[in-house]
Amino acid sequence: MEAHRSPETTPDGHFVVIGGRKWRATDPLIPEEIAARLRRHLMSARRAVRSATTAGDAQAERAARVRVNRAKVALGERGTPWWDQPEGERRRRWEQGLAHLDAETQN
């Protein structure tokens with residue numbers, strides 16, 4: 001199995017198939033640099049969920065899960081399907097999500 005092979009996608013490009021399950025694909029309109037920053041926020045938030053869960057800190061876990069959701073929405077993987085949004089709305093979604101995640105990281 002190739003370690004860095006791209007996942008299979010549905011013919012319409014809306015979903016990726018991983019382990020036989022369909023997951024909503026990242027919005028392809030997002031510039032790669034922005035998508036990479038959003039993925040870094042997502043992975044950081046997922047690590048924070050794990051740490052908070054291990055520590056039994058319910059408040060920190062909730063906050064981390066909010067960050068996970070915010071990153072997933074900004075990537076177009078949750079919320080209104082990106083293929084149903086006009087281009088301007090899609091751009092606002094990821095710009096606002098990234099700005100919010102960046103601001104949270106600064107605090």
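The largest pocket has a volume of about 370 Å³ in this predicted model. Of the 13 residues in its lining, those closest to the centre are Ile18, Trp23, Arg24, Lys72 and Glu77. Helix H1 gives the most to this lining, with four residues.

**Pocket lining**
- Strand E2 (15-18), strand E3 (21-24) and H1 each supply at least two residues of the lining of the largest pocket.
- By class, six lining residues are nonpolar, one is polar and six are charged.

**Helix H1**
- H1 covers residues 32-55, which makes 24 residues.
- At 1.5 Å a residue, H1 should span 34 Å.
- Which residues of H1 are buried? They are Ile34, Ala35, Ala36, Leu38, His41, Leu42, Ala45, Val49 and Ala52.
- These buried residues pack against helix H2 (58-75) and helix H3 (87-106).
- Just after H1, glycine 56 takes a positive phi of about 70°.

**Sheet**
- Three strands form an open sheet in the order E1-E2-E3, with antiparallel pairing.
- Strand E1 (8-9) and E3 are the edge strands, and each pairs on one side only.
- E1 and E2 run antiparallel and are joined by two bridges.
- Where does threonine 9 find its bridge partner in E2? The partner is valine 16.

Methods:
Residues numbered from 1 in each chain as written. Predicted model: local features only at pLDDT ≥ 70, side-chain atom pairs only at ≥ 80, totals over all residues. Heavy atoms only, no water. Expected span 1.5 Å × (residues − 1). Buried < 20%, exposed > 50% of the residue type's maximum accessible area, 1.4 Å probe, protein only. Contact = heavy atoms within 4.5 Å. 1 Å grid on protein atoms, 1.4 Å probe; cavity = no way out; pocket = protein on both sides within 12 Å on 5 of 7 lines; lining within 4 Å. Points joined across faces, edges and corners; volume = space filled by probe spheres on them. Nonpolar A, V, L, I, M, F, W, Y, C, P; charged D, E, K, R; others polar. Pairing = 2+ DSSP bridges.
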